[in-house]
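Okay, thanks everyone. I'll walk you through one model today, starting with a helix and then moving on to the charged side chains.

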Amino acid sequence: MTERLAKWWHQLDRWRQRQRARRQELRRQQRQQQRALWGGPVEADRVLAFSDAIFAIAITLLTLNLEVPPGLRGAVFTSALHQVLPAFGAYVLSFVILGQLWLAHHRIFGVIARVDYAVLVRNLVFLGLIAIMPFPVRLLSDYTRRPLAVAIYAVAFIAAMQLQRLIWLDVTRPEHRELLREPVSDEVRTGFGRVLLGLLVVFGAAVPVGMFAPKYATLVWAVIIPLRLVVARLTNWPSWRPTGT
């Protein structure tokens, strides 16, 4: 009985392996058909141009909350200026962060010659996060003292930073060298990945402060992010720039 059961189990295992092999072969054939139909990887220039447009629109929309009503005088004018300060602070902070994401995006695509479907999808999701940034920025400026507003702002930027880092680490893997202008060494791949991770960690480190003392969140970010950029410039940032950027 035991031998019969073992034999049956062995046959079942072999059948599962054959089914798994058939599914893998079917997926491989489907990928080949899709490549033949859609032409496989495409040039990265069009993707980069589209990405630049999204960044430009998002950064421009950040200024819509910066408004002082016309015709004000004296103390009323001064009070209106004071009220716009949170919006201005959120704009400056967000402009610096979006600027860093844009610079990193250009450095990443500086080594990419072609993009496949996976890169297109990841980049599109990343751009979706960039396009929605004016909403959490306005939320932060209007509800500076609300922990939930700080949390939404932080989650949006942290998600964008992490996704950008994953794009870099994925596209520079050795098996994706056909997508690159030239091979990226492990040192550069790891080093620039740490640069991207550094901004994420520094930004995320201030989130607990923002949750318990939300009115100081913008101030904390406004101090530590420029400080981190200065330190990076003085230490290892230049050495991790991908070739051609």
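**Helices, salt bridges and a patch**

So, keep in mind that this is a predicted model. Let's begin with helix H3, residues 74–109. It has 36 residues, and at 1.5 Å a residue you'd expect a span of 52 Å; the end C-alpha atoms sit 51 Å apart, which agrees. There is a bend in H3, though: a kink of about 35° at Leu-85, shortly before the proline Pro-86.

Now do the same check on helix H7, residues 186–205. Its 20 residues should span 28 Å, and the end C-alpha atoms are 28 Å apart, so that agrees as well. Which residues of H7 are buried? They're Gly-191, Phe-192, Gly-193, Val-195, Leu-196, Leu-199, Leu-200 and Phe-203.

On to the charges. How many salt bridges does the structure hold? There are 4. In one of them, the side chains of Asp-170 and Arg-122 meet at 3.0 Å, N to O. That pair ties together distant parts of the chain: Asp-170 is in helix H6, residues 147–171, while Arg-122 is in helix H4, and they're 48 residues apart.

Is Asp-170 buried or exposed? Its relative accessible area is 12%, and the cut-off for buried is under 20%, so Asp-170 counts as buried. Arg-122 comes out at 31%, so this one is partly exposed.

Asp-170 has another partner too: Arg-173 forms a salt bridge with Asp-170, with the closest N and O atoms 3.0 Å apart. Arg-173 is partly exposed, at 32% relative accessible area. Through shared partners, salt bridges join Arg-122, Asp-170, Arg-173 and Glu-175 into one network.

Arg-138 and Asp-142 meet in a salt bridge at 3.6 Å, N to O. Both lie in helix H5, residues 134–142, and they're 4 residues apart, about one turn of the helix. Arg-138 has a relative accessible area of 44%, so it's partly exposed, and Asp-142 is partly exposed at 43%.

Last item: the surface. What makes up the nonpolar surface patch of about 390 Å²? That would be Ile-132, Phe-135, Leu-148 and Ile-152. Take Ile-132, which lies in helix H4, residues 117–132. Its relative accessible area is 45%, so Ile-132 is partly exposed. Patch residues need over 30%, and Ile-132 has that at 45%.

That's my tour, so over to you.

Note on methods
Residues are numbered from 1 along each chain as its sequence is written. This is a predicted model: local features need pLDDT of at least 70, side-chain atom pairs count only at pLDDT 80 or more; totals for chains, interfaces and linings use all residues. Side-chain values use heavy atoms; hydrogens and water are left out. Patches are made of residues with over 30% relative accessible area and no salt bridge: like charges are joined within 9 Å, nonpolar side chains (Val, Leu, Ile, Met, Phe, Trp, Tyr) within 5 Å. Accessible areas come from the Shrake-Rupley method with a 1.4 Å probe; for residues, only the protein chains shown count as cover. Helices (H or I, at least four residues) and strands (E, at least two) are DSSP runs, numbered from the N terminus. Buried means under 20% relative accessible area, exposed over 50%, partly exposed in between (1.4 Å probe, protein chains only). The expected span of a helix is 1.5 Å times one less than its number of residues. The bend at a residue is the angle between axes fitted to the seven residues ending there and the seven starting there.
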